[in-house]
Amino acid sequence: MRIAVTGSIATDHLMTFPGWFSEQLLADRLDRVSLSFLADNLEVRRGGVAANIAFGLGVLGLRPVLVGAVGADFEPYRVWLKDHGVDTDSVHVSAERHTARFVCTTDRAQNQIATFYAGAMAEAREIDLREVAARTGRLELVLVSPDDPEAMLRHTRTCRDLGIPFAADPSQQLARLDGGEVRELVDGARFLFTNEYETALLLERTGWPEAEVLRRVGTWVTTHGEAGVRIHGEDRATLAVPAVEAAGVVDPTGVGDAFRAGFLAATLWGVPERCAAQLGCAVAATVLDYVGTQEYRLHRDSLLDRIRTTYGVGCTATLVTHLRGLT
């Protein structure tokens, strides 16, 4: 069961400013801003949508193939991912650019000033999925997640040419893509992933009503935060799965990526859709207990307890067989 996850690979540099940006901004001087904020905290986190999802799949016992572009500074990150079950041999290393970086400073009012450097991600369009498939063997599924737009389109076209099932997860790039590009990324997808806001934006971009989207995709999975997940399909009832309650949210970053990892892992195992969504929600709730998108740990008993407490025992017997590799 091989799945390739294409998309962004990045490093997040997150700083905290112990004051208020608003106190430093002068209303009559906004055309000549020159400010420096002394941060009292720095956290460097591994990130990127594709890397986050691949990490989750690896922890769950699959060996996902990560496909994206990085710089020569990626090596320590590569070791981390390989140690957690991710095949990184199809990651393109740029000779000129650094790995993508997100640099963000947050003040006491939770206002943020951020810069995203795409860096090597711009070279992801040079990656040919044919070579990935030739190296790894038959791919059961390719997830096309946010990346260089040309790379996203190329990977989708290659999947169609090779007859490889693909999942569309355009998320953050929806705002940048035009209608024709979004339609091309979505049309024929086995799975389409969006959150509630992205659902509205996707309908606006494509110009399609919801019924037309459902006609063109196999399964549309929409996350609704604390309200859980809704799974749609043409000519079928909507499946609503509530979220797993988290006692206290430490950090919400990466929750959607974690859900995708759990849902896709269970889907590749062949478990019922409801059980796949329940596992996805349980993994997502686990991420909320940690700071960072790849710092969480999954333990079989605690995952099953979360599922049993929220949904009952229905899916636990089905999932326990596939979670035996967890401690």
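**Ground rules.** Residues are numbered from 1 along each chain as its sequence is written, and side-chain values use heavy atoms, with hydrogens and water left out. As the model is predicted, local features need pLDDT of at least 70 and side-chain atom pairs count only at pLDDT 80 or more, while totals for chains, interfaces and linings use all residues.

**The sheet.** I started with the open sheet of eight strands, whose order is E4-E1-E9-E10-E11-E12-E13-E14, with mixed pairing. Helices (H or I, at least four residues) and strands (E, at least two) are DSSP runs, numbered from the N terminus. Two strands pair if DSSP finds at least two bridges between them. At the edges I found E4 (65–67) and E14 (239–241), each pairing on one side only. Neighbouring strands here are turned by 20° against each other on average, direction ignored; axes are lines fitted to C-alpha atoms (for helices over the stretch in contact), and angles run from 0 to 180 degrees between N-to-C directions.

I also looked up E1 (residues 3–6) and E9 (residues 141–144), which pair in the parallel sense over four bridges. Ala 4 stands opposite Val 142 in E9.

**Strand E12.** How many of the residues of strand E12 are buried? Five of the five (residues 219–223) are, so E12 is largely enclosed by the rest of the structure. Buried means under 20% relative accessible area, exposed over 50%, partly exposed in between (1.4 Å probe, protein chains only). In a regular strand the side chains alternate between the two faces of the sheet. In E12, I see Thr 219, Val 221 and Thr 223 buried on one side, and Trp 220 and Thr 222 buried on the other.

Then I checked the partners of E12. E11 (residues 191–195) runs parallel to E12, joined by five bridges, and Leu 192 has Trp 220 as its bridge partner. E13 (residues 229–232) pairs with E12 in the antiparallel sense over four bridges, with Val 221 opposite Ile 231. E12 and E13 form a hairpin with five residues between them, and Gly 225 in the turn has a positive phi of about 60°.

Helix H8 (residues 255–269) lies across E1, E9, E11, E12 and E13, running at about 160° to E11.

**Rings.** I looked up the aromatic pairs next and noted ten. One of them is Phe 55 with Trp 80, stacked at 5.9 Å centre to centre with 5° between the planes. For the cut-offs, rings of Phe, Tyr and Trp (its six-membered ring) pair if their centres lie within 6.5 Å; planes under 30 degrees apart count as stacked, over 60 as edge-to-face and the rest as tilted. Phe 55 sits in H1 (residues 49–59) and Trp 80 in H2 (residues 75–83), so the pair ties together parts 25 residues apart in sequence. Both Phe 55 and Trp 80 are buried.

Ring pairs also link Phe 191, Phe 193, Phe 259 and Phe 263 into a cluster.

**Positive phi.** Most residues other than glycine have a negative phi. Ser 171 has a positive one of about 25°, in the loop between E10 (166–168) and H5 (179–186). Asp 235 has one of about 60°, in the loop between E13 and E14. Which is buried or exposed? Ser 171 counts as buried at 9% relative accessibility, whereas Asp 235 counts as exposed at 78%.

Methods
Contact means heavy atoms within 4.5 Å.
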